[in-house]
Amino acid sequence: MKSKLTITVDSELIPAAKRYARSKGVSLSSVIEQALREATGETEPSFMEYWRERFAETRKTPPEPGTDPRYDALVRKHLYL
């Protein structure tokens, strides 16, 4: 279960921390949570990290254009091609 936590940090650190989180594709809360896990020795991945890894394992490359009529129809419908 997640809980809200209020922290106080140097105001000059906040923009750099947000840029770092954005470059990693995660929230600032996730960055802080991971840092706390590492500092306390917990190794359990966060909910987002767990599922990001799972989705990366199952990600498939799309079929070549013209080889799958269903895929082509979805592309035309949703990408307006």
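This is a predicted model: local features need pLDDT of at least 70, side-chain atom pairs count only at pLDDT 80 or more; totals for chains, interfaces and linings use all residues.
Local features need pLDDT of at least 70, side-chain atom pairs count only at pLDDT 80 or more, and totals for chains, interfaces and linings use all residues. Residues are numbered from 1 along each chain as its sequence is written, and side-chain values use heavy atoms, with hydrogens and water left out.

**Helices**

- Helices are DSSP runs of H or I with at least four residues, numbered from the N terminus.
- Helix α1 covers residues 13-24, twelve residues in all. From first C-alpha to last, α1 reaches 17 Å, close to the expected 16 Å. The expected span is 1.5 Å times one less than the number of residues.
- G25 follows α1 and has a positive phi, near 75 degrees.
- Helix α2 covers residues 28-40. The 13 residues of α2 should span 18 Å at 1.5 Å a residue, and the end C-alpha atoms are 18 Å apart, which agrees.
- G41 follows α2, again with a positive phi, near 85 degrees.

**Salt bridges**

- The count is two salt bridges. The rule asks for a side-chain nitrogen of Lys or Arg within 4 Å of a carboxyl oxygen of Asp or Glu.
- E33 pairs with R37, with the closest N and O atoms 3.0 Å apart. Both residues sit in α2, four residues apart, so about one helical turn separates them. An α-helix has 3.6 residues a turn, so residues three or four places apart point the same way.
- R37 counts as buried, because its relative accessibility is 14%. Buried means under 20% relative accessible area, exposed over 50%, and partly exposed in between (1.4 Å probe, protein chains only).
- R70 pairs with D68, with the closest N and O atoms 3.9 Å apart. R70 is exposed at 67% relative accessibility. D68 is partly exposed at 22%.

**Largest pocket**

- The largest pocket has a volume of about 580 Å³. The closest of its 21 lining residues to its centre are L5, L28, S29, I32 and E33.
- A pocket is an open set of points on a 1 Å grid over the protein atoms alone, where a 1.4 Å probe fits, with protein on both sides within 12 Å along at least five of seven lines. Lining residues have an atom within 4 Å of a point. The volume is the space filled by probe spheres set on the points.
- α1 and α2 each supply at least two lining residues. The largest share, seven residues, comes from α2.
- By class, the lining has twelve nonpolar, five polar and four charged residues. Asp, Glu, Lys and Arg count as charged; Ala, Val, Leu, Ile, Met, Phe, Trp, Tyr, Cys and Pro as nonpolar; the others, Gly among them, as polar.
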